[in-house]
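Reader: I am new to protein models, and I would like to learn how to read one feature at a time. Could you take me through an example slowly?

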Amino acid sequence: MVMQEVFNKLLKAGLSPNAFYVLYCIHNKIVPSDLVNASIEVTKLKSGNNLTESLELSGNSLIFIQEIESYFKKSKKKTSKNLMGDDFLDNIKTYNECFPATKLPSGVYARVNVKSLENAFRWFFETFDYSWDIVIQATEKYVEEYSINRYNYMRNSQYFVRKQNTDKTWDSNLATYCDMISQDDYEAPVFFKEKIV
């Protein structure tokens, strides 16, 4: 799949694989192989404004080489700090403290340990693009809604972030609430109705 993307980029840029090879060799100060007619490729590269007359790469050529090289670099492992910010532990603690420090009617504790939440939030921030402010607002709304009904059927702090379904897919109520908060179409549920006699 990567090679197909590389060839598509070469075609879009109007470069043959041989021309790119020569460009790459010039950039890295390598003598091209005799299998490629370098003089013909250099002429093409000059006419396409990829090389100057003094055989220096143009700015676009340098950027293009970096783009192609990026396909072959191993991706750096995403750390929790990269995904969730420098103060992610404080944010996770703030998030967890939005939940009541008691057992839910289902018999499980509302708050889960921070390490379990860190793993859940790693998945969340790899999958969704919300800020911590939105996450905290959404969580406060969720807990507020369920507090009116004595936390019946409320998920604990980990399952609110993500819960695995029976078909092995993941579900996130937090993402749904974040979406509502960020789109400003949140309506608080009505638990009590006025009865007019």
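Predicted model: local features only at pLDDT ≥ 70, side-chain atom pairs only at ≥ 80, totals over all residues.

Reader: How should I read a helix, and what span should the 16 residues of helix H8 have?

Author: Helices (H or I, at least four residues) and strands (E, at least two) are DSSP runs, numbered from the N terminus. The expected span of a helix is 1.5 Å times one less than its number of residues. For helix H8, residues 132-147, this gives 22 Å, and the end C-alpha atoms are 22 Å apart, which agrees.

Reader: Which residues in H8 are buried, and what covers them?

Author: Buried means under 20% relative accessible area, exposed means over 50%, and partly exposed lies in between, with a 1.4 Å probe and protein chains only. In H8 the buried residues are Trp132, Ile134, Val135, Ile136, Ala138, Thr139, Tyr142, Val143 and Glu145. Their cover, where contact means heavy atoms within 4.5 Å, includes helix H5 (80-84), helix H6 (88-97), helix H7 (114-127), helix H9 (157-161) and helix H10 (173-183). Helix H2 (residues 17-27) can be read in this way too, for Ala19, Phe20, Val22, Leu23 and Cys25 are buried there, and what covers the buried residues of H2 includes helix H1 (2-13), helix H3 (38-47) and helix H4 (59-70).

Reader: How many salt bridges does the structure hold, and how do I read one?

Author: Side chains of opposite charge can pair when their charged atoms come close. A salt bridge is a side-chain nitrogen of Lys or Arg within 4 Å of a carboxyl oxygen of Asp or Glu, and the structure holds five of them. In one of these, the side chains of Glu67 and Lys9 meet at 3.1 Å, N to O. Glu67 lies in helix H4 and Lys9 in helix H1, so the pair ties together parts that are 58 residues apart in sequence. Glu67 is partly exposed, with a relative accessible area of 31%, and Lys9 counts as partly exposed at 29%.

Reader: Where do Glu41 and Lys44 lie?

Author: Both lie in helix H3, three residues apart, about one turn of the helix. An α-helix has 3.6 residues a turn, so residues three or four places apart point the same way. The side chains of Glu41 and Lys44 meet in a salt bridge of 3.8 Å, N to O. Glu41 is buried, with a relative accessible area of 7%, whereas Lys44 is partly exposed, with 47%.

Key
Residues numbered from 1 in each chain as written. Heavy atoms only, no water.
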